[in-house]
Amino acid sequence: MEPARRELPSDEVLATIKEDICGLLEVMTFPSEVTVEVVDYTVSSRISGDHEEALVGNEGRTLDSLQYLLRKMMSRRLPDRMMLSLDVGNYREQRAE
C-alpha cells in the first residue's frame, strides 16, 4: 500500500502568504524583503532587511508573536497539518546552534 500523498500549497497560496507578511510589515512600518518556500512539508518564510533586530525583539518574543499571528491568518489556506515557520535574518538557525 502506498503512503498517503501530502497536499502541498499552491504557488498562489505561497504568493498570498508573502503578500500578507509584506502587508503586516508595512503596517508595522518595517518594510522588509520576504521569501516564502516549501521545505520538508513546512512553509518556510524568511524576512530580511534593515529592521531585523526590531522584528526579532527581546529574546525572539516579537518573532514568536509574528509567527503565531501568521499561523492563525494562514490556517484556513494551508493543507491540513502543514507547518508554517517564520525567521528573521537567520535568528532561529543561529539560536539552534
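The model is predicted: local features need pLDDT of at least 70, side-chain atom pairs count only at pLDDT 80 or more, and totals for chains, interfaces and linings use all residues. Residues are numbered from 1 along each chain as its sequence is written, and side-chain values use heavy atoms, leaving out hydrogens and water.

**The nonpolar core**
- The largest nonpolar core has 22 residues. Such a core is a set of buried Ala, Val, Leu, Ile, Met, Phe, Trp, Tyr and Cys residues joined through side-chain atoms within 4.5 Å. Buried means under 20% relative accessible area, exposed means over 50%, and partly exposed lies in between (1.4 Å probe, protein chains only).
- Ile 17, Ile 21, Val 43, Ile 47 and Leu 78 have the most contacts inside this core.
- At least two core residues come from each of α1 (11-27), β1 (33-39), β2 (42-48), α2 (52-56), α3 (61-74) and β3 (83-88). Helices (H or I, at least four residues) and strands (E, at least two) are DSSP runs, numbered from the N terminus.
- α1 gives the largest share of this core, five residues.
- Leaving aside residues up to four places away in sequence, Val 43 touches several residues, including Pro 9, Leu 14, Ile 17, Leu 78 and Leu 84. Contact means heavy atoms within 4.5 Å.

**How α1 meets α3**
- α1 and α3 pack at an angle of about 135°, and their axes are 11 Å apart. Axes are lines fitted to C-alpha atoms, for helices over the stretch in contact, and angles run from 0 to 180 degrees between N-to-C directions.
- α1 is therefore oblique to α3. Angles under 35 degrees count as roughly parallel, over 145 as roughly antiparallel, 65 to 115 as roughly perpendicular and the rest as oblique.
- α1 contributes Ile 17, Asp 20, Ile 21 and Leu 24 to the contact, while α3 contributes Leu 66, Leu 69, Leu 70, Met 73 and Met 74.

**Loop residues**
- Met 28 sits in the loop between α1 and β1. Met 28 is partly exposed, at 26% relative accessible area.
- Not counting residues up to four places away in sequence, Met 28 touches Leu 55 and Leu 66.
- Thr 29 lies in the loop between α1 and β1. Its phi is near 60°, a positive value in a residue other than glycine. Thr 29 is exposed, with a relative accessible area of 56%.
- Glu 59 is in the loop between α2 and α3. Glu 59 has a positive phi of about 55°, although it is not a glycine. Its relative accessibility of 52% makes Glu 59 exposed.
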